[in-house]
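Please look through the sequence and the structure shown below before reading on. The report then takes up a few residues and their contacts.

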Amino acid sequence: VSHSIPACIGSMTINGKQLDNESPVSIFAVNKCYETVQDGTFFDGSGFAALVREGYKVRSDVNITLEFRTTAVHGVLLGVSSTKVDAIGLEIVHGKVLFHVNNGAGRITATYEPRGTNSLCDGKWHKLQANKSKHHISLIIDGNLVHTDNPYVQSTSADTNNPIYVGGYPADVKQNCLTSKSSFRGCLRNLILTKGQHTELFDFSRAFDLRGVFPHSCPGAEH
């Protein structure tokens, strides 16, 4: 076994002596336990998860689905960039969900704005689907579809080569399709990226860099 256990451990004794887990000598990626817990990964608003160290190539088509739960009105959901301008990005800004794509000719954005009191930042689970097909992009939130026109019809491929950053990104990493630097605070689950017939479900516990992210442990309510 080469990975940590997604669980809570308490009242551990060795040779009859109870260990003091309130003041450990060192600690890494250990969070408090919650009385009620849900499936999902908790992002504490300070960091990010980095996936696909060798770089993810979006190119002409990609379909992204995930579920999120938050009470914050700002936060990065996902970004894949390149050293040039090509990139895609998903973020929450002022309670709206934005899906940005730059195929090299210029950034286009599909924006989902909830109506009235139907807030996306209500601490409840919401389902997101973002689709890029050549120069077409669309965003579906809880079954509501948003399209956007793209004047750059000749430019169809986002030639990205950087990792997938989820929930935020390092200060020294450029993200050409994200406007926010705010790390996501809340829970994410069921992150799936599909290209053609290839579907990949990403497990955050297998990220090559995790900061302020706690896989497989989502508090039942914000604390």
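Does Glu67 count as buried or exposed? The model is a predicted one, and in it Glu67 has a relative accessibility of 16%, so this residue counts as buried, given that buried means under 20% relative accessible area.

**Salt bridges**

Side chains of opposite charge can pair when their charged atoms come close. Four salt bridges are held in this structure, and one of them joins the side chain of Glu67 to that of Arg189, with 3.2 Å from N to O. Because Glu67 belongs to strand β5 (residues 61–69) and Arg189 to strand β14 (residues 185–195), the pair ties together parts that are 122 residues apart in sequence.

Asp203 forms a salt bridge with Arg206; here Asp203 is partly exposed at 27% relative accessibility, whereas Arg206 is exposed, its relative accessible area being 64%. Arg211 forms a salt bridge with Asp209, and Arg211 is partly exposed, with a relative accessible area of 43%. The table sets out the N and O distances for these pairs.

| Salt bridge | Distance, N to O |
|---|---|
| Arg189 and Glu67 | 3.2 Å |
| Asp203 and Arg206 | 3.9 Å |
| Arg211 and Asp209 | 2.9 Å |

**A buried histidine**

Which residue does the side chain of His100 meet in a polar contact? The partner is Thr109, whose side chain makes this contact with the side chain of His100 at 2.7 Å. His100 is found in strand β8, which covers residues 96–102, and with a relative accessible area of 2% His100 is buried. Leaving aside residues up to four places away in sequence, His100 touches a list of residues that includes Ala87, Ile88, Gly89 and Glu91, together with Arg107, Ile108 and Thr109, and also Cys177 and Thr179.

**A nonpolar patch on the surface**

Turning to the surface, a nonpolar patch is formed by Ile5, Ile9, Met12, Ile14 and Leu19, which together have about 500 Å² of accessible area. Among them, Ile9 lies in the segment before β1 (13–14), and Ile9 is exposed, with a relative accessible area of 56%. Ile9 is therefore counted as exposed, since its 56% is over the 50% that the word requires, whereas His100, at 2%, is buried.

Conventions:
Residues numbered from 1 in each chain as written. Predicted model: local features only at pLDDT ≥ 70, side-chain atom pairs only at ≥ 80, totals over all residues. Heavy atoms only, no water. Patch = residues over 30% accessible without salt bridge, like charges linked within 9 Å, V, L, I, M, F, W, Y side chains within 5 Å. Areas by Shrake-Rupley, 256 points an atom, 1.4 Å probe, with all protein chains shown as cover. Helix = DSSP H or I, 4+ residues; strand = E, 2+ residues; numbered from the N terminus. Buried < 20%, exposed > 50% of the residue type's maximum accessible area, 1.4 Å probe, protein only. Polar contact = N/O pair within 3.5 Å; in protein donor to acceptor, adjacent residues only side chain to side chain. Contact = heavy atoms within 4.5 Å.
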